[in-house]
Amino acid sequence: MDNYDRAILRHIQSEPDLTTADLAARVGLSQTPCWRRLKTLETTGVILGRAVLLDPAKVGYPVSVIAHVRIAGHDEVTLEGFETQVCAHPEIVECFSMSGDSDYLMRIVARSIEDYERFLKKVLLHLPGVSAVNSSFALKQVKATTDLPV
């Protein structure tokens, strides 16, 4: 990856809807070489995809919860079952397998605290192997970015 590739990534992260012509002009390449580099970054998996970011509160999910989850059994079947079920619930917007005190860390969006409580009781506590969930409610989002420092 050279400076042109990094410049392409910086621009495409902040403005994913740039045309190839505009992107090429910003990084100092002609359109065809820029397009080839962009396609290479996509086919090699450096660029995973492009997304539209929504304001959770404006679409009805103003509550953001960080949940630390402990799993009772660490066998492959339990962990794979847990991870498969997590992916099936759109309220769980991020989930990380962790080292340390928690086995998993999740970010969950909810319509209200009561909505999260229902989700906790009806879904989270019934996922494969879950032995404990420790939830914290975000008071304010200080920083949120999808841009990586390339």
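The following legends describe close-up views of a predicted model.

**View 1. Helix α1 against helix α3.** Helix α1 spans residues 3-14 and helix α3 spans residues 31-43. Their axes come within 10 Å and cross at roughly 75°, and the two helices are therefore roughly perpendicular to each other. On the α1 side, the contact involves Tyr4, Asp5, Ile8 and Leu9. These residues meet Cys34, Arg37, Leu38 and Leu41 of α3. Sorted by class, the contact of α1 with α3 comprises six nonpolar and two charged residues, with no polar residue.

**View 2. Helix α2 against helix α3.** Helix α2, residues 20-27, packs with α3 at an angle of about 100°, the axes being 9 Å apart. This angle makes α2 roughly perpendicular to α3. From α2, the residues in contact are Thr20, Ala21, Leu23, Ala24 and Val27. Their partners in α3 are Gln31, Cys34, Trp35 and Leu38. Seven nonpolar and two polar residues make up the contact of α2 with α3, and no charged residue takes part.

**View 3. The largest nonpolar core.** This core has 19 residues. Those with the most contacts inside the core are Phe82, Met106, Ile108, Tyr116, Leu124 and Leu127. At least two core residues come from each of β1 (63-71), α4 (76-87), β3 (104-110) and α5. Strand β1 gives the most to this core, with five residues. Leaving aside residues up to four places away in sequence, Leu127 touches Phe82, Gln85, Val86, His89 and Met106. Another core, of 13 residues, lies apart from the largest one and includes Cys34, Leu38, Leu41 and Ile47. In soluble globular proteins, nonpolar side chains tend to be buried together.

**View 4. Cysteines without disulfides.** A disulfide is a covalent bond between the sulfur atoms of two cysteines. The structure holds zero disulfides. Cys87 lies in helix α4, and the closest cysteine sulfur to its own is that of Cys95, at 7.4 Å, which is too far for a bond. The cut-off for a disulfide is a pair of cysteine sulfur atoms within 2.5 Å. Cys87 is exposed, with a relative accessible area of 70%, whereas Cys34 is buried, with a relative accessible area of 0%. The C-alpha atoms of Cys87 and Val69 are separated by 15 Å, the two residues being 18 residues apart along the chain.

**View 5. Glu117 in helix α5.** Helix α5 covers residues 113-122 and contains Glu117. With a relative accessibility of 39%, Glu117 counts as partly exposed. Ser135 is 18 residues from Glu117 along the chain, and a distance of 10.0 Å separates the C-alpha atoms of the two residues.

**View 6. Pro149 and Leu9.** Pro149 is placed in the segment after β4 (130-137). At 83% relative accessibility, Pro149 counts as exposed. In sequence, Pro149 and Leu9 are 140 residues apart, while in space their C-alpha atoms are 9.5 Å apart.

Key: Residues are numbered from 1 along each chain as its sequence is written. This is a predicted model: local features need pLDDT of at least 70, side-chain atom pairs count only at pLDDT 80 or more; totals for chains, interfaces and linings use all residues. Side-chain values use heavy atoms; hydrogens and water are left out. Axes are lines fitted to C-alpha atoms, for helices over the stretch in contact, and angles run from 0 to 180 degrees between N-to-C directions. Helices (H or I, at least four residues) and strands (E, at least two) are DSSP runs, numbered from the N terminus. Angles under 35 degrees count as roughly parallel, over 145 as roughly antiparallel, 65 to 115 as roughly perpendicular and the rest as oblique. Contact means heavy atoms within 4.5 Å. Ala, Val, Leu, Ile, Met, Phe, Trp, Tyr, Cys and Pro count as nonpolar, Asp, Glu, Lys and Arg as charged, and the others, Gly among them, as polar. Buried means under 20% relative accessible area, exposed over 50%, partly exposed in between (1.4 Å probe, protein chains only). A nonpolar core is a set of buried Ala, Val, Leu, Ile, Met, Phe, Trp, Tyr and Cys residues joined through side-chain atoms within 4.5 Å.
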